[in-house]
Amino acid sequence: MKNCRNIFIALSGTMILAGGCGLKEPDFDACGQVNATEVTVSAESGGRVVWLEVKEGDRVQAGEYVGQIDSAQVWLQEEELARRRESAEVKAVDVECQTIAQYARLENLRSELSRAKGLLEKDAGTQKQVDDLESEIAVLEGQIAAAEQNYRQTNESVKCEIETIDVQIAQMEDKLQKCRITAPLSGTVLEKYVEEGEMVTAGRQLFKMADMENIYVRAYFTSAQLAHLHLGDRVAVIPDDGTEKPAEYEGVVTWISDEAEFTPKNIQTRDERADLVYAVKIAVRNDGRLRLGMYAYVLIK
């Protein structure tokens with residue numbers, strides 16, 4: 001592939017010929033290479049790759065389900081936790097149901113106490129009957145209160161147990177999700193590192209992909225040129241695609257380095273005397289003809 005220095009030499013020759021024919025000489029401000037946002041997708045869980053339906057060159061969408069790591073053991077653990085949760089729910093006590101008989105007896109005793117007091121007022125009953133009923137009512141009320149407290153404590157314990165199991169189930173759900181291999185962004189698969197049936201560990205690289213629709217050119221400008229370049233500016237990007245009349249693309253300046261660096265060896269600047277340059281990222285919408293690593297030069301509009 002021709003580098004930017006070759007582009008510059010060829011461009012200079014073209015300008016000489018164009019000048020002889022009376023054509024307007026094209027301008028040349030900076031040179032760079034086409035790049036894209038690349039993402040390496042790694043396994044989030046260890047195990048055997050059950051299936052992985054991607055191959056180099058495939059287009060995938062963000063969130064697309066493209067593969068699966070064996071999750072049988074995780075699923076079985078989740079099922080076990082689900083059964084434990086059902087068992088814990090059975091331990092919960094219906095307080096009202098458990099105390100309904102005691103409250104009915106308490107109501108009867110209170111009715112008997114009311115009648116005993118009425119008989120006592122008419123000298124048809126004794127004080128002992130009233131005292132015995134009041135004592136029995138007090139004892140029963142204490143028993144009901146103790147039983148309700150015990151039932152509430154039991155239910156609180158069951159609730160805590162269920163909440164703990166729910167957290168464990170959520171952990172299993174998370175592990176199951178991590179067994180699913182999904183695309184983190186919309187783009188093109190560049191390289192594939194594993195095949196179906198292989199054993200992988202968490203963190204093992206599976207494939208690399210890049211957003212090939214929204215690419216950028218990393219070009220280099222001198223400090224003098226930066227005086228005329230700002231974030232958001234639109235520039236012309238002309239790739240070295242091997243054709244006599246390469247297409248011109250509109251690019252937008254999205255990033256300008258804060259620090260100068262020595263001119264990369266494979267990069268040609270307009271001012272060859274410039275030792276220090278600033279890196280600039282220029283976003284370009286790809287129509288399918290731009291390739292990673294392709295050289296391109298930039299014209300400031």
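Two strands pair if DSSP finds at least two bridges between them. Helices (H or I, at least four residues) and strands (E, at least two) are DSSP runs, numbered from the N terminus. With that in hand, here are the views.

This is a predicted model, in which local features need pLDDT of at least 70 and side-chain atom pairs count only at pLDDT 80 or more, while totals for chains, interfaces and linings use all residues. Residues are numbered from 1 along each chain as its sequence is written, and side-chain values use heavy atoms, with hydrogens and water left out.

**View 1. Strand β1 and its partners β15 and β10.**
Strand β1 (residues 30-35) pairs with strand β15 (residues 295-300) in the antiparallel sense, over four bridges. Look for A30, which stands opposite V298 in β15. Strand β1 also pairs with β10 (residues 214-221), again antiparallel and over four bridges. There, G32 has A219 of β10 as its bridge partner. In a regular strand the side chains alternate between the two faces of the sheet.

**View 2. The open sheet β2-β9-β7-β4.**
Four strands form this open sheet, in the order β2-β9-β7-β4 and with antiparallel pairing. Strands β2 (38-42) and β4 (59-60) stand at the edges with a single partner strand each, so one side of each is left without a neighbour in the sheet. Further in, β7 (residues 187-192) and β9 run antiparallel and are joined by four bridges.

**View 3. Lysine 208 in strand β9.**
K208 lies in strand β9 (residues 205-210). Is this lysine buried or exposed? K208 counts as buried, because its relative accessibility is 18% and buried means under 20% relative accessible area, with exposed over 50% and partly exposed in between (1.4 Å probe, protein chains only). Leaving aside neighbours within four places in sequence, K208 is in contact (heavy atoms within 4.5 Å) with E38, V39, T40, T188, V189, L190, E191 and Y193.

G47 stands opposite V200 in β8.

**View 4. The aromatic pair W51 and Y65.**
Rings of Phe, Tyr and Trp (its six-membered ring) pair if their centres lie within 6.5 Å; planes under 30 degrees apart count as stacked, over 60 as edge-to-face and the rest as tilted. By this rule the count comes to one aromatic pair. The ring centres of W51 and Y65 are 5.1 Å apart and the planes stand at 65°, so the pair is edge-to-face. It links distant parts of the chain, with W51 in strand β3 (residues 47-52) and Y65 in strand β5 (residues 65-69), 14 residues apart. W51 counts as partly exposed at 22% relative accessibility, and Y65 is partly exposed too, with a relative accessible area of 31%.

**View 5. Lysine 281 over two rings.**
A charge sits over a ring if NZ of Lys or CZ of Arg is within 6 Å of the ring centre and within 35 degrees of the ring normal. Which rings does K281 lie over? The charged end of K281 sits over the ring of Y216, 4.7 Å from its centre. K281 also lies over the face of W255, at 5.7 Å from the ring centre.

**View 6. Asparagine 155 in helix α4.**
N155 is found in helix α4. Leaving aside neighbours within four places in sequence, N155 is in contact with A92, V93 and V95. N155 and A88 are 67 residues apart in sequence and 10.0 Å apart in space, C-alpha to C-alpha.

**View 7. Aspartate 123 in a loop.**
D123 is found in the loop between α3 (95-121) and α4. Although D123 is not a glycine, it has a positive phi of about 60°. D123 is exposed, with a relative accessible area of 71%.
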